[in-house]
Protein chains: 2
Amino acid sequence: MPPAQQPSTRQPSTRRPYHHGDLRRAILTAALDVIAADGPSALSLRDLARRAGVSHAAPAHHFKDRTGLLTAIAAEGFGLLAHTLNEAADLKDAGVRYVRFAREHPAHFQVMFTPELLRADDLELTTARALAGDALRGAVSAVRPESLGIDTRLAGVAAWSLAHGFATLLLSHNLDGPVGDKDPEEVFRTLAAMLFRTES
Amino acid sequence: MPPAQQPSTRQPSTRRPYHHGDLRRAILTAALDVIAADGPSALSLRDLARRAGVSHAAPAHHFKDRTGLLTAIAAEGFGLLAHTLNEAADLKDAGVRYVRFAREHPAHFQVMFTPELLRADDLELTTARALAGDALRGAVSAVRPESLGIDTRLAGVAAWSLAHGFATLLLSHNLDGPVGDKDPEEVFRTLAAMLFRTES
DNA sequence: AGGGCAATCTTGTCAGTGTCAAGTTTTGCG
DNA sequence: CGCAAAACTTGACACTGACAAGATTGCCCT
């Protein structure tokens, strides 16, 4: 179908306005849909432009590149992740939030950890990633050092690996068998209890 | 440079022979190089053909598709992984071998766990994946059930998540800081000791 | 030995894509 | 009010994956 000209601002006239209104956001959400469904390799700037009802070169004005679009997505993802990790009660809760983030924002998650698709030196990306890193380290250092093995640094790597591996395998449908119809977050809580013999 | 015509079989004549000799393997290894360097999205069938010194349509005869090529890589990867996991002494050794596999075959590893790039119903892929799954389950069930928490199924998920997450984060250069110049396999051994309070 | 068939590889073509350059419309600010 | 910049369009170019049809070669079978 012809993309149903949405004025979305201004005149309710019949013809599509020259300016979209919020093209940047429209392209971003369309891209997230495509990536969540078929992965980043299925992403086409021209297709996104068609979905938004604009010309094929319009996205370039907001993101410059295909790489620029993906970098913006990754930066947004790290921001969202940092936000939810900062509200974690303890380390286990941080892990659960990590898994939940991957499930609720699969496109962000996938792009965030595919560095060859990103502009590594992008400022927004690096600062957002640093924020997320701080949040993660904060959650790790909050646990009493006696309860974990030797090094808090290594304990952080262990926790991150467990959560990241679980989330990744979950998204790639490699845990459909073992997890079954159980709530993945609840399953992860059990795994986390195996790693750290702490409370609950 | 012009791809240095390698007769590799038959006449040492100066002109390149019509048949390549082992084009399938040549394309595969070239693809692995490209993927290891710049990820699957940088893969171009025409570029691989140029590297092998054949025409742009030659690869299609061996792999049909871009998807077919990636599926063949994934199948080969699962075969290699199954082979090394079957020789593991115990669960921790299986984890170490898992991480070593990811480091020695980063292209295989990346493609194996990117299902949207693969032909899901391919026979060679599904059988190879099943073999690898059996090998993993074998390594998990070898450990005495008392030493791990409750369910062996869940213990397997925990071990797989830890190894997979560590390998993934390693390949995406997210552990360059924490691991530093230490041997990653040795670091992982420490993490594995945290998960399972078993021997050594 | 040799004839023919299938596997392998080539050439040609088409639609689709990312990116750049240059022009057009609109917004907003001095 | 006017004008510069932002937002978007049109056009073009090189590149890609895929398909079709033809050329070359290895190999099997009698």
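1. Helices and strands here are DSSP runs, numbered from the N terminus, with helices (H or I) needing at least four residues and strands (E) at least two. An axis is a line fitted to C-alpha atoms, for helices over the stretch in contact, and angles run from 0 to 180 degrees between N-to-C directions.

2. The model is predicted, so that local features need pLDDT of at least 70 and side-chain atom pairs count only at pLDDT 80 or more, while totals for chains, interfaces and linings use all residues. Residues are numbered from 1 along each chain as its sequence is written, chains are lettered from A and ligands numbered from 1 in the order in which they are written, and side-chain values use heavy atoms, with hydrogens and water left out.

3. Chain A holds ten helices and zero strands. Of its 200 residues, 46% are buried, where buried means under 20% relative accessible area, exposed over 50% and partly exposed in between (1.4 Å probe, protein chains only). Among contacts in chain A with a separation of 6 or more, 66% join residues 24 or more positions apart, contact meaning heavy atoms within 4.5 Å.

4. Turning to the interface, 35 residues of chain A and 35 residues of chain B take part in the contact. The area buried between the two chains is about 3,100 Å², and carbon and sulfur atoms give 72% of it; buried area is the accessible area (1.4 Å probe) that two parts lose on being put together, summed over both. On the side of chain B, Leu154(B), Leu169(B) and Met194(B) supply 17% of the area that this chain buries against chain A, more than any other three residues.

5. Within 10 Å of each other, the axes of helix H8 (residues 152-171) of chain A and helix H10 (residues 184-195) of chain B cross at roughly 75°. The two helices are therefore roughly perpendicular, a term for angles of 65 to 115 degrees. In this pairing Leu154(A), Ala155(A), Val157(A), Ala158(A) and Ser161(A) meet Val187(B), Thr190(B), Leu191(B) and Met194(B).

6. Two aspartates of chain B can be read together. Asp90(B) is found in the loop between helix H4 (66-86) and helix H5 (91-104), and counts as partly exposed because its relative accessibility is 30%. Asp90(B) and Gly138(B) are 48 residues apart in sequence, yet 9.4 Å apart in space, C-alpha to C-alpha. Asp93(B), in helix H5, counts as buried at 18% relative accessibility; leaving aside residues up to four places away in sequence, Asp93(B) touches Glu87(B) and Ala88(B).

Note on methods. Angles under 35 degrees count as roughly parallel, over 145 as roughly antiparallel, 65 to 115 as roughly perpendicular and the rest as oblique.
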